[in-house]
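Please read them with the coordinates open.

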Amino acid sequence: MRSFSGRDILSLKGFEREEYFRVFEVCDRLAPCARDRRNSDLLKDKILVTAFYQPSTRTRLATESAMHRLGGHVNGFYDAKMTRAGDFYQESIKDTVHMLEYYGDVIAMRHFQQGAPAEAARWASVPIINCGDGWGEHPTQVLTDMYTILKEKGRLDGLHFLLIGDMRMRTMHSVSYAMTQFDIEATYISPPEMSLKEEFKKELHELNLRYREVEHVEQAIADADVIYMEPVVQADYTKGRDERKGEVGLTPANYKVTRELMRKAKPDSIILHSLPRMDELPEEVDYTRHARYWTEAFNGVVMRMALLALVLGAME
Ligand code: CP
């Protein structure tokens with residue numbers, strides 16, 4: 001297995017089965033610290049720099065909390081307009097990360113341009129963690145999700161995933177790569193204009209993912225062990241900031257999961273949603289035994305603790 005020390009976490013394409021289990025093992029070791037709300041001193045000599053060019057609640061704050069839990073230090077920005085990258089100069093990724101690498105030991109980056117963290121990794125001498133790049137990927141979220149599923153279902157092999165939402169989304173790309181490393185069968189449901197791109201389907205085919213596409217959640221809900229959701233009413237991920245204007249569309253029934261619909265699901269099926277949500281997952285579902293998105297939120301801190309500890313060489 002490749003070492004994690006000094007490694008960039010950019011994509012789940014090429015992330016191998018044993019590597020998932022290695023990361024999950026480190027999560028198990030660090031989870032008690034987060035659960036007991038304790039801080040350790042594992043990374044007390046390290047600094048995390050967060051470079052967020054797009055809004056975020058969960059990813060940035062979970063990554064920063066993870067660093068605090070491990071006794072490390074945090075600096076960074078969450079509004080590029082307040083940096084030279086976002087003003088008149090429009091400073092390049094290369095020039096920006098050439099600076100940031102002197103300010104910390106690891107850089108967590110979210111960007112509206114697909115490939116921006118990979119570009120940063122070309123120029124930075126410290127590890128780059130992709131915290132979401134345009135329509136590209138969201139590896140730390142999906143590692144969190146796979147860890148959550150493993151803990152909740154006790155296994156990853158032999159499960160059937162039902163994926164509902166906009167298949168252009170970065171989580172959908174990362175989870176599709178992740179599924180190829182396990183014996184997982186997938187069903188995708190999305191509006192036609194948000195369906196899997198032909199070239200991505202070709203990639204999934206080459207990676208031997210067993211999947212089908214259907215039109216309505218009712219056609220597939222009974223088969224699902226894991227219901228993995230994203231909105232279909234949502235922002236443009238290629239923009240740095242996207243203010244909501246005018247009326248907000250409603251989610252068609254094909255892409256919604258309601259308490260009523262869950263009566264047709266397997267009794268032990270679980271629902272994951274990386275959040276934020278629109279109306280595709282009404283609050284009534286929160287009060288069913290299927291909801292796991294708050295567990296997923298907690299595990300988001302644990303996963304970022306594990307990744308920081310691994311890439312900074314504090315755990316091998
Ligand atoms: N799930 C997720 O990426 O949330 P944020 O955009 O709030 O980070």
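1. Basis. This is a predicted model: local features need pLDDT of at least 70, side-chain atom pairs count only at pLDDT 80 or more, and totals for chains, interfaces and linings use all residues. Residues are numbered from 1 along each chain as its sequence is written, and side-chain values use heavy atoms, with hydrogens and water left out.

2. Aromatic pairs. Rings of Phe, Tyr and Trp (its six-membered ring) pair if their centres lie within 6.5 Å; planes under 30 degrees apart are stacked, over 60 edge-to-face, the rest tilted. The count is 13 aromatic pairs. Y20 and F182 make an edge-to-face pair, 5.2 Å centre to centre with 75° between the planes. Helices (H or I, at least four residues) and strands (E, at least two) are DSSP runs, numbered from the N terminus. Y20 sits in helix α1 (residues 17-35) and F182 in the loop between α6 (170-179) and β6 (184-189), so the pair links parts of the chain 162 residues apart. Both Y20 and F182 are buried (buried is under 20% relative accessible area, exposed over 50%, partly exposed in between; 1.4 Å probe, protein chains only).

3. A tilted pair. The ring centres of W135 and Y237 are 5.3 Å apart and the planes are at 40°, so this pair is tilted. W135 is in the loop between β4 (128-133) and α5 (139-153); Y237 is in the loop between β8 (226-229) and β9 (270-273), 102 residues apart. W135 and Y237 are both buried.

4. Cluster and charges. Ring pairs join F4, F15, Y20, F21, F24, Y147 and F182 into a cluster. The charged end of R7 sits over the F4 ring, 4.4 Å from its centre (NZ of Lys or CZ of Arg within 6 Å of the ring centre and within 35 degrees of the ring normal). The charged end of K94 sits over the W123 ring, 4.5 Å from its centre.

5. Helix α1. What lies over its buried residues? The cover includes α2 (58-69), α5, α6 and α8 (293-311), with contact meaning heavy atoms within 4.5 Å. Among the buried residues of α1 are E19, R22 and C27. Just after α1, R37 takes a positive phi of about 55°.

6. Residue E199. E199 lies in helix α7 (residues 198-206). E199 is exposed, at 63% relative accessible area. The C-alpha atoms of E199 and A314 are separated by 39 Å.
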